[in-house]
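Visitor: Please show me the model, and then take my questions in turn.

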Protein chains: 2
Amino acid sequence: MQETFQNIVIEDVYPELDCGRYPVKREVGDRLEVWADIFKEGHDVVSAVLKHREEGESAWSETQMRLFENDRWNAAFDLPKNTRYEYAIEAWHDEFATWRRDIGKKVEAGQNVSLELTEGRGIVKGAHERSKDKRLASTLTTFEEADYAERLALLRSAEVASLMAANPDRSRSTVTRTLLVTVDRERARYGAWYEMFHRSQGTAPDKSATFADMEKRLPEIEDLGFDVIYLVPIHPIGTTNRKGRNNAVFAGPVDPGSPYGIGSAEGGHKAVHPDLGTLEEFRGFVGATRERGMEVALDFAIQASPDHPYIKEHPEWFRFRPDGTIKFAENPPKKYQDIVNVDWESEDWEGLWREWRDVLLFWVEQGVKIFRVDNPHTKPFAFWEWAIREVQKDHPEVIFLSEAFTRPKVMRNLAKLGFTQSYTYFTWRNHKHEIIEYLTELTKDWPKEYMRPNFFANTHDILPHILQFGGRPAFIMRLVLAATLSPTYGIYNGYELCENTPRGERGTTVYYQDSEVYEYKVWDWNRPGNIKDYVRRVNEIRRENVALQELTNLEFHEAWDDNVLFYGKKTGDNAVFVAANLDPHNAHDSHVRFPLWDLGIAEDEPYIVEELLSGRKMQATGSLFWVRLAPQAPVEIFRMEKASTVNDGMDA
Amino acid sequence: MQETFQNIVIEDVYPELDCGRYPVKREVGDRLEVWADIFKEGHDVVSAVLKHREEGESAWSETQMRLFENDRWNAAFDLPKNTRYEYAIEAWHDEFATWRRDIGKKVEAGQNVSLELTEGRGIVKGAHERSKDKRLASTLTTFEEADYAERLALLRSAEVASLMAANPDRSRSTVTRTLLVTVDRERARYGAWYEMFHRSQGTAPDKSATFADMEKRLPEIEDLGFDVIYLVPIHPIGTTNRKGRNNAVFAGPVDPGSPYGIGSAEGGHKAVHPDLGTLEEFRGFVGATRERGMEVALDFAIQASPDHPYIKEHPEWFRFRPDGTIKFAENPPKKYQDIVNVDWESEDWEGLWREWRDVLLFWVEQGVKIFRVDNPHTKPFAFWEWAIREVQKDHPEVIFLSEAFTRPKVMRNLAKLGFTQSYTYFTWRNHKHEIIEYLTELTKDWPKEYMRPNFFANTHDILPHILQFGGRPAFIMRLVLAATLSPTYGIYNGYELCENTPRGERGTTVYYQDSEVYEYKVWDWNRPGNIKDYVRRVNEIRRENVALQELTNLEFHEAWDDNVLFYGKKTGDNAVFVAANLDPHNAHDSHVRFPLWDLGIAEDEPYIVEELLSGRKMQATGSLFWVRLAPQAPVEIFRMEKASTVNDGMDA
């Protein structure tokens, strides 16, 4: 038999991810709303508090919970810092509040309550014995000297009620398990990423660009409105079995090799490729980026070329075959002889884990606060959970982006165990129904609590078919979808130039022809047909409209044409709507429906619509609105205002 | 840093109630299907087993789990006994299966796999070292003496695969928490209840009936097709502040008092009211009921009259007021001076708990295997969880019905913590939309895992307004709804007589006029207008159609009239449909739609419909079907058969 019993049930706590196994995620400045079903048998009054503290603190802060309806309670607390907070709920039977409610009913019914007053005094006395609160002693003294009416007034007073509420009997309270919320900085939720392939940022076609060349591009990238510059690995590259242009099996004598073939005699994951410059120059590039209000995200790819120094220094971290040769990466029957994977089953797995953590911390020391993690889904989940925590416990500002294009549950698990952001299926979602279905999953279902999408319109490895076939209209349309469906999005350099030549026949591959992954390259960053004006304007619109800086406020609205996607985001007074023609080959006209009922605009009330890409303003009435989206202008972005709130010279 | 790491994730286990806090429920003969998301990083082969055993056994049985799709796995195990079973999932990386899959791909691609064979031998050797399985030793010997082709054939053979699967390396497997399923006997799910008010089963208007009188009614109740006879408390009744007829404040000299005023000088909860007979005669009644294939459910009401022996024997279990008087039950400003509640906060709460458990065990010893628990929601949840377990650990056949007409989450919690069955809101759900909504919650949502409804059409305390106003058509309609929506249902005696006189103006109360709760009464069990033929036929139909013996197979179907409710249940080949006119005052004609697509009947294929209340048979074609439901025959129950499967002389 148990030693005591709790008589309050607390269940269905929100947010609580997988029974508290993983933290949920929020951002600095948010407020965490916590909900739970809380009840007791019978009809006694229940009190409940939301307890919360920064992880590691010993004292809890407490916020009174309120009954919403149907035994569901809530409270909230602020998340001002980039750290982790703990929270829990505690509830107990409030004997005095129960007494006070009941005596009120009896007094109203005209009953004599002398005995009840004595009972009430007993409850106060008990509270005083527990708490030694002097104000309670004084209440008891007052009670002794008072007559019936005075005693009644005293014990029913708001003062005594609040005194008693401050001294509850929590000896048999129910407390939930302690839950965690990871509070990341704002960039975790909101930012525009530019994937810069370092070696192609210069002007000489036969050699690598350098950190200095890259720095020269910063004014333009800043002008385009990006927040993050993502670099593929910057480390020395192996020569054994190095791949040639267009992923040829053998490299030519001048081919630089894939930057993912990490490690050579010149160093491994903590070294900088000499062609790019020195470590000091890298730090200079990081600083120059920061001075322009941007920051650098670095690739973190756990794999090695056969020339990586680790193989000699730590052969115990690799797997050797019965004939003494090292085991190359493979996806049978394919073999990747330019890459070896570490052996996660190594006897010295702890040393291996520590080394990778130290690599991360090394780059954090160099000023890198964002890592784009290559293929995390092929490394143990437990490693990531540990390593991310190891870094964030001293550097909570560090952001990890999971590049896991894999099965949905694996992607989601990486997000649960700690990745700050995730690559997504957006890159392959083209049709209206599949975009709506996928975005509804990301913004309305459980993933919204822990998985932050980063919508890449392309990457150095992915030239989606829609861009291959759809050309410039598709580039504009996919840019706007990425940048407005998700608060974090990215493009890989060349996107702004509408580069869409695949390696092979269109529609049969997602790789780029003559990709700088395998060769030197020089881009004309102003070549005809580029969409830089669009990129610049879209990023400007994102900065000017807070609604676009959030994820879960996304709502899809009616559009009568199945090629027209219509959706909106609203935060406070800021309401932005996007109409996108998903068909890059044909114009589509459609009615769309503004949710006037959400905007406080009556169906017969005039309102102002500003199309933000063109700057044109219109006055309209009624929720139905007509859009014509031609391939040359496939997207419109509307900001809505009540006519009466604008003072722009137009008749309201 | 952890000492080792698991590399398999098992999540979203089904069924798992509140993170494993409570067992789910099933019945003897069921099979428990268990599902989970199971995955590992990368592309290795995973193996998983469902472990299961009777609670208390030390050894697990294991059933191989299968991948269904999208990383979701399943397996099932049988539940042959009335007990509790434990289950858990264990999963591990299957190194040999991974090796076997990969070598297959390499061989198909024509690669030499000598090294792979040596690696495969190493895996077999490791398994032998762990398991000492002689068959593995023999495999290794064979391997040594074989050439390349023979080695390949050997290690790729089904024999070695199954040998290796039988000797897995589970040293780093992931195991879920252990979950529980309570397996009750069939009566927990399926049964027709007849609430018999003991004192009114006789023929003398001025005195109580006896167990002997009650026994005389058994043939009739058996003939009507009931399975359970529920008795209100049979204990001595207090005289202090006893209530009179129609709940009058004072009893007259001959008024027997409410049977819920339990306890007098003649005994308490372990005694039998002398007016009814002796304890031995009660056992006789229980036995006579069992001989007719029925069983007795006894009321268990934790409350006492002011004359209950406990008050003298155990004053520590009650609360006394500052003036020394006992605290009566109250719901301020109302006072119930004929009832005292026990003090659950008593210093001797453990003694109190044990006593109530012993009361239950006492009646179990007398042959009672079903308890209808009065107002459990006003007693501590923790007590019920403990007490039900205390009884069921030695008497798993005991069924507890929760009479908690209270807030939804409290009702559901009582079911979670152990009540076998629950009274429901059915008694107050009259309109089509609310019946569909409520039944969908009960049959499709989480409650189906732990809450078994018992649909009472009336009780001794509840004469619903629909019966007060709707008369005989309403009685027939509500009978059929209760008996076919839920596999367990009940009526209170008098229902079959369409007794519907309220205490006061119709529609202002749910109490019966001149209720036997407060007075002696004699019924004419064959009085004109009774619906006993309906009751008998409905119970017969329930027994003849297994589909009606289940809950979660309920599906609502289209009926064009909002007063017509149309639904069906299908189990195996047995498919039964009910069309009910919810309006007792008017006839309603409507199209209803049989789900032919679920029955394997084509839209143009003839089928046979048998109306089970009248016995008439029709041949029909097409899913649309016309029903006319007049007040005098407000319900039709159809059994569907494919025309080709029936051999009844009708043309198919």
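**Fold, interface and salt bridges**

Visitor: In chain A, what share of contacts between residues at least 6 apart in sequence join residues at least 24 apart?
Guide: Contact here means heavy atoms within 4.5 Å. This is a predicted model, where local features need pLDDT of at least 70, side-chain atom pairs count only at pLDDT 80 or more, and totals for chains, interfaces and linings use all residues. Residues are numbered from 1 along each chain as its sequence is written, chains are lettered from A and ligands numbered from 1 in the order in which they are written, and side-chain values use heavy atoms, with hydrogens and water left out. Of the chain A contacts between residues at least 6 apart in sequence, the share joining residues at least 24 apart is 75%.

Visitor: What percentage of the residues in chain A is buried?
Guide: Buried means under 20% relative accessible area, exposed means over 50%, and partly exposed lies in between (1.4 Å probe, protein chains only). Chain A has 652 residues. The buried part of them is 59%.

Visitor: Is Trp317(A) buried or exposed?
Guide: Trp317(A) sits in the loop between helix H9 (309-313) and strand E14 (328-331) of chain A; helices (H or I, at least four residues) and strands (E, at least two) are DSSP runs, numbered from the N terminus. Beyond its neighbours within four places in sequence, Trp317(A) has contacts that include Tyr310(A), Val342(A) and Leu352(A). Its relative accessibility is 2%, so Trp317(A) counts as buried.

Visitor: What area is buried between chain A and chain B?
Guide: The contact involves 59 residues of chain A and 59 residues of chain B. Buried area is the accessible area (1.4 Å probe) that two parts lose on being put together, summed over both. Carbon and sulfur atoms give 56% of the area between chain A and chain B, which totals about 5400 Å².

Visitor: Which element gives the most residues to the side of chain A that touches chain B?
Guide: Between the chains there are 22 residue pairs in polar contact, both residues at pLDDT 80 or more; such a contact is a pair of N or O atoms within 3.5 Å, where within protein one must be able to donate a hydrogen and the other to accept it, and residues adjacent in sequence count only if both atoms are side-chain atoms. Elements giving two or more residues to this side of chain A include strand E1 (8-14), helix H1 (95-108) and helix H12 (408-417). With five residues, the element that gives the most is H12(A).

Visitor: How many residues apart in sequence are the parts tied by Glu558(A) and Arg593(A)?
Guide: Their side chains form a salt bridge at 2.8 Å, N to O. Glu558(A) is partly exposed at 37%, and Arg593(A) is partly exposed at 23%. Glu558(A) lies in the loop between strand E21 (554-556) and strand E22 (564-571) and Arg593(A) in strand E24 (residues 588-593), so the parts tied together are apart in sequence by 35 residues.

Key: Salt bridge = Lys/Arg side-chain N within 4 Å of Asp/Glu carboxyl O.
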